[in-house]
Amino acid sequence: MADPKGFLTTGREVAQSRPVEERVRDFKEVYVPGSLLPIISKQASRCMDCGIPFCHNGCPLGNLIPEWNDYAYREDWQAAGERLHATNNFPEFTGRLCPAPCESACVLGINQPAVTIKNVEVSIIDKAWETGNVLPQAPERLSGKTVAVIGSGPAGLAAAQQLTRAGHTVAVYERADRVGGLLRYGIPEFKMEKRHINRRIEQMRAEGTKFRTGVEIGRDLPADALRRRYDAVVVAAGATTARDLPVPGRELNGIHQAMEYLPLSNKVQEGDYVTPPITAEGKHVVVIGGGDTGADCVGTAHRQGAASVTQLEIMPRPGEERNPGQPWPTFPMLYKVTSAHEEGGERVYSVSTTHFEGDEEGNVQWLHLAEVEFKDGKLEQKPGTERKIPAQLVTLAMGFTGTDQENGLVSQFGLELDARGNIARDDHYETNVPGVFVAGDAGRGQSLIVWAIAEGRSAARGVDRFLTGASSLHAPIRPTDRSLTV
Ligand SMILES: Cc1cc2nc3c(=O)[nH]c(=O)nc-3n(C[C@H](O)[C@H](O)[C@H](O)COP(=O)(O)OP(=O)(O)OC[C@H]3O[C@@H](n4cnc5c(N)ncnc54)[C@H](O)[C@@H]3O)c2cc1C
Ligand code: SF4
């Protein structure tokens, strides 16, 4: 155990953010570089090494949190890094981007602010990279078996790394021009700089994983060609079909899906464009959807110099405290102030868009909305509350409905879908087609990076077992697991 009295003597302290006026002028990560390390062992000392560590159950990866908290407290960074990697291929992604369901489940959180688990995680992994302790782990022997992974998001990368290390020859197929899935094209640089993906890809290449970008399975390469070429396939294609808003005026110029808007900003940071083809500069921006994707649009619009940013949410404003229906240790729906919200803009709750109005050239200028309320369990418009707000750029961030079916991936493999429209799988992550597995958002529906990594690891175990008859790979979860978390 770290310090038996740590939780009594030390309060919770988190990473320092750069001042708003400084950080909105660039796309670098919002945190002050190096601000965590001086405080992190004290923070880790708050961990009580609980007899029943609920943080384990809160984390889909089953991260060995009290163990690495103890090593971080003792500043044994090497041992801490080994424990971290025992359950998580990419702690630098989760340490920056995870909503930390482990912290919602932390026992200390019952009557005190929880342990800063996520900050400890990112400090350990950043230190490991800095000190050259993240090395390629090439397999000692090759199995002679081949695996194709479709999609290079966190699920595909985790599955590929696990299977390569188990000795299989793995190729990752990605339709985009760069590897990383939503980590690369979606999540803004200010939440996670892409250099973190690049160095992991270098590590994976050195271990033997091959990457084939610009190849869309189903369109550029048919499913049966892949099946003939590989002994097993992992579909980790994400849930990239976005929900639309079919109201009058939707066809006007300037109304875009969030995932048409955000990747262009990522591409500016990659050096592909000087200015993004869709920009918020000088415009009144309205973001429809109050979740994380919406927040990413808000932060991006501020950095592009928007005249104003308004985020609309159809549901009522969540509370700031747990409600009785979401007690500890569940992951509660709370009012969140993300770094993007600290930077400005207005959030409007309980409103629904009725239509858009444009100018003579067909460009959107106004968004008409009305307030809504729950009546008999249904959301209804409140009469007399209609109004319009200026809107010269509108981004739709209303969630995703499932994996892309237009490219033929699902139909060519003959994959069955579950009741929610995701690719169905059994407890070993195998689909109805023998030898074809599924991991991440493609099977689970739109979710989180931590779940994608956990599913990638678990599917890798299923594949390894299919190819060799047994597997010693760590598999944190089964598809049916919902646990206490999001
Ligand atoms: C804007 C945004 C912000 C988010 N922010 C967070 C966050 O802060 N924290 C968090 O935990 N989660 C966040 N999420 C959710 C998280 O990114 C996803 O849950 C996660 O990336 C899913 O991983 P995945 O590997 O299953 O799929 P993805 O990351 O979607 O990757 C799937 C990949 O498959 C490729 N692909 C699809 N079809 C084919 C094909 N036929 N052939 C070849 N390649 C194909 C796609 O191009 C894509 O690269 C965010 C999501 C969005 C949209
Ligand atoms: S629940 Fe919290 S205090 Fe207990 S072991 Fe986990 S991190 Fe430490």
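**Close-up views of a predicted model**

**View 1. Arg317 pairs with Glu320 in a salt bridge.** The closest N and O atoms of Arg317 and Glu320 are 3.3 Å apart. This is a predicted model. Arg317 is partly exposed, at 42% relative accessible area. Glu320 is exposed, with a relative accessible area of 54%. Why do the two residues get different labels? Exposed means over 50% relative accessible area, and partly exposed starts below that. Glu320 has 54%, so Glu320 counts as exposed. Arg317 has 42%, so Arg317 counts as partly exposed.

**View 2. Asp272 and Arg178 meet through their side chains.** The contact is a salt bridge, 2.8 Å from N to O. Asp272 sits in the loop between helix H13 (258-270) and strand S7 (284-288). Arg178 sits in the loop between strand S2 (169-174) and helix H11 (195-207). The pair therefore ties together parts that are 94 residues apart in sequence. Asp272 is partly exposed, with 33% relative accessibility. Side chains of opposite charge can pair when their charged atoms come close.

**View 3. Lys267 also forms a salt bridge with Asp272.** Here the closest N and O atoms are 3.8 Å apart. Is Lys267 buried or exposed? Lys267 is buried, with a relative accessible area of 18%. The cut-off for buried is under 20%, so Lys267 falls within it.

**View 4. A network of salt bridges links Asp177, Arg178, Arg184, Lys267, Glu270 and Asp272.** Asp272 has been seen above with Arg178 and with Lys267. Both of those pairs involve members of this network. How many salt bridges does the count give? The count comes to 34 salt bridges.

**View 5. Ile314, Met315, Phe374 and Leu379 form a nonpolar patch on the surface.** Together these residues have about 330 Å² of accessible area. Ile314 lies in the loop between strand S8 (308-312) and helix H15 (339-342). Ile314 is partly exposed, with a relative accessible area of 37%. Residues of a patch need over 30%, so Ile314 passes that cut-off.

**View 6. Ligand 2 is surrounded by 13 residues.** The closest are Cys47, Cys50, Cys55, Cys106 and Val107. Which helix gives the most to the shell around ligand 2? Helix H5 (residues 65-73) does, with three residues. What kinds of residue make up the shell? The shell divides into 11 nonpolar residues, one polar and one charged.

Notes
Residues are numbered from 1 along each chain as its sequence is written. Chains are lettered from A and ligands numbered from 1 in the order in which they are written. This is a predicted model: local features need pLDDT of at least 70, side-chain atom pairs count only at pLDDT 80 or more; totals for chains, interfaces and linings use all residues. Side-chain values use heavy atoms; hydrogens and water are left out. A residue is near a molecule or strand if one of its heavy atoms lies within 4 Å of it. Helices (H or I, at least four residues) and strands (E, at least two) are DSSP runs, numbered from the N terminus. Ala, Val, Leu, Ile, Met, Phe, Trp, Tyr, Cys and Pro count as nonpolar, Asp, Glu, Lys and Arg as charged, and the others, Gly among them, as polar. Patches are made of residues with over 30% relative accessible area and no salt bridge: like charges are joined within 9 Å, nonpolar side chains (Val, Leu, Ile, Met, Phe, Trp, Tyr) within 5 Å. Accessible areas come from the Shrake-Rupley method with a 1.4 Å probe; for residues, only the protein chains shown count as cover. A salt bridge is a side-chain nitrogen of Lys or Arg within 4 Å of a carboxyl oxygen of Asp or Glu. Buried means under 20% relative accessible area, exposed over 50%, partly exposed in between (1.4 Å probe, protein chains only).
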